[in-house]
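Please look at the aromatic rings in the structure below. The points that follow take up charges over rings, then ring pairs.

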Amino acid sequence: MATPDCKPSSACPEFAHAADARALLWQMVRIRRFEEKCAELYSAGKIRGFLHLYVGEEAIAAGAVPELRAGDAILATYREHGHALARGVDAGAIMAEMYGKQEGCSRGRGGSMHLFDSTRRFFGGNAIVAGALPLAVGFALADRMRGRDAVTACFFGEGAMAEGEFHEAANLAALWKLPVLFLCENNLYAMGTALTRSQAQTDLAARARIYRMCGGSVDGMDVLAVRHAMREAVAHVRAGNGPAFLEFRTYRFRAHSMFDPELYRERGEVERWKEHCPIERFQGRAIAAGVLDEGELGRIESEVAAEIAAAVAFAEAGTWEPVEDLERDIYARAPGMAPADHPLESRS
Amino acid sequence: MKKHAAKAASGTIRLAWRDALRLGLREALLRDERVFLMGEDVGRYGGTYAVSKGLLEEFGEARIRDTPLSESAFVGAGIGAALNGMRPIVEIMTVNFSLLALDQIMNNAATLRHMSGGQLNIPLVIRMTTGGGRQLAAQHSHSLEGWYAHIPGLRILAPATHEDARGMLWSALEDPDPVLIFEHALLLGMEGEIGAEFRAVDIDHAALRREGRDVSLITYGGMLHKCLQAAERLAESGISADVLDLRTLRPLDDSAIVASVSKTRRAVIVDEGWRSGSLAAEIMARIVEQVFYELDAPPARVCSREVPVPYAKHLEDAAVPQVEDIVATVHQVLA
């Protein structure tokens, strides 16, 4: 349950049982290996455009996304492979999307930054920093107006908190007490600009509190802490108490994108954060607690490797959308065509 | 409502243009419970231009939503609500303020369907006032609908008649795509007659508002009425003008433009936008592409002068197209 001030409670959360621990680890390993494969395929020229990898931040998607129900909506940023995978978007469809194939989850129109799967209520993949936040407010407004108890989860980076759209969306969600989860993944750099070099108030939860949103800061390298905080926040929001804000403190181990020479941070800083690797940390705890063993870790790696190999094969076997279909899906209703259910009574 | 919509001849009502807009809003709210109106001062204030007056009392705060001054957030929220099953009508006070929401309109509303491989529909309507003529100077008076008509994925409407002011909203709400409706502020007080029965209108075609032989005046929105006045004046000199009301600015009804110009062999495009890179330029290009060899004279344009619209009345009048400018241009084309 949410603590009275809705700060994530400090009680050290634990996994319930071996299957639970395995599921968390499996998801993190799956995302890590998927991202490593993407980097490899980028170097091989199979994936083009911008590619933003989630390596180092896996605990957030793996811990937070399973706390949502199937009827809840998720909106994310351009670094969203992990969220899509954790939501159950098919790995093959994601890979095919990055290949630009029509079997991709956005028919090859979106690429890495624009993964969509409306059947999973996964609404992108938005490459405008903070651009999805107002959408999330609207999703929640619709749920509220239709009397549904769904919540909308919106992931964004700390860079988004310098955008006006964050402040407009936070104010509107709080003013109307809408069921929005504002989930900030603070990896300390907006591309190459450090938080301390770009924002006057670096206590991000404090900035959420000025809009009277409950929430707090969480160790984003600890999947159990993420899950625990998310569970409390979801319950709080679903109960009709208005929006919540969580800051997940994390770090991206790799460059911002494949074009980034990383001139803005010291190698030593990256190495120090790698000591907090969410996967190694969780493995160590699970082994020490006796719920997982080396054999199980090996089995997870093999399962994940097989799934990713199948995803790559699916993408390789995919087909190119015919160029004749280029202008398809710009409008749901073709120009010059009256709505089918709407006989014209007049042409004024 | 009734005090604005006095019964006139049998089967028709006489009313101001803003009241026709209100009838359209009310009809939509009555017909579909998924419809709601949101924007700045649409509720308690009654709408900046009194268009939504009385709707809060009739439909309540949940469906007539006053918003903070956050154009980007409430336009984006409209998009999100449309994606999640509602039929939002978002009102932006004036076209210049819509620039604060341009990110949402361009990067989300116009883009998400195609970028998602056709998975998403955005049945959203955004209404805003446009145009000059009220001495409100350069941050309230522009005609930027031509900019929006540049963007694939949007449908752009410009009602000019009372029937369209009432009927276009419902057709726009039934459309599965994002629709922007530009309402010229100078028309708001204009009186006119419409049929008493609510009628849906087509939003795909232009309409010929006056038939002529000698020249085609191609226009939309607030300029329609100046074109009709110009056509009256021209008739006095024995010149008969076709007046084509485009109604839908994207997608353009090419066939109506071609049909009119093929008949008259002369075209004058009247557009309150600035000349350079304008909708008028696009229409002229299409005429040249499609009916060049049928023209008896080069097509001409009457557009706003390329200045930020000024405050002083004589300067504003000089900046935006006037009836005399249209008449003079037609005489040049016929010379």
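1. A charge sits over a ring if NZ of Lys or CZ of Arg is within 6 Å of the ring centre and within 35 degrees of the ring normal. Lys101(A) is placed in this way over the face of Trp320(A), 4.8 Å from the ring centre. Arg65(B) has its charged end over the ring of Trp176(A), at 4.6 Å from the centre.

2. The model is predicted: local features need pLDDT of at least 70 and side-chain atom pairs pLDDT 80 or more, while totals for chains, interfaces and linings use all residues. Residues are numbered from 1 along each chain as written, chains are lettered from A and ligands numbered from 1 in written order, and side-chain values use heavy atoms, without hydrogens and water.

3. Over all chains, the search finds twelve aromatic pairs. Rings of Phe, Tyr and Trp (its six-membered ring) pair if their centres lie within 6.5 Å; planes under 30 degrees apart are stacked, over 60 edge-to-face, the rest tilted. One of the pairs is Tyr148(B) with Phe182(B), tilted, with 5.6 Å between centres and 40 degrees between planes.

4. Which parts of the chain does this pair link? Tyr148(B) belongs to helix α6 (residues 145–148) and Phe182(B) to strand β8 (residues 179–184) of chain B, 34 residues apart. Helices (H or I, at least four residues) and strands (E, at least two) are DSSP runs, numbered from the N terminus.

5. Both Tyr148(B) and Phe182(B) are buried; that means under 20% relative accessible area, with exposed over 50% and partly exposed in between (1.4 Å probe, protein chains only).

6. Ring pairs also join Phe156(A), Phe166(A), Phe182(A) and Phe245(A) into a cluster.
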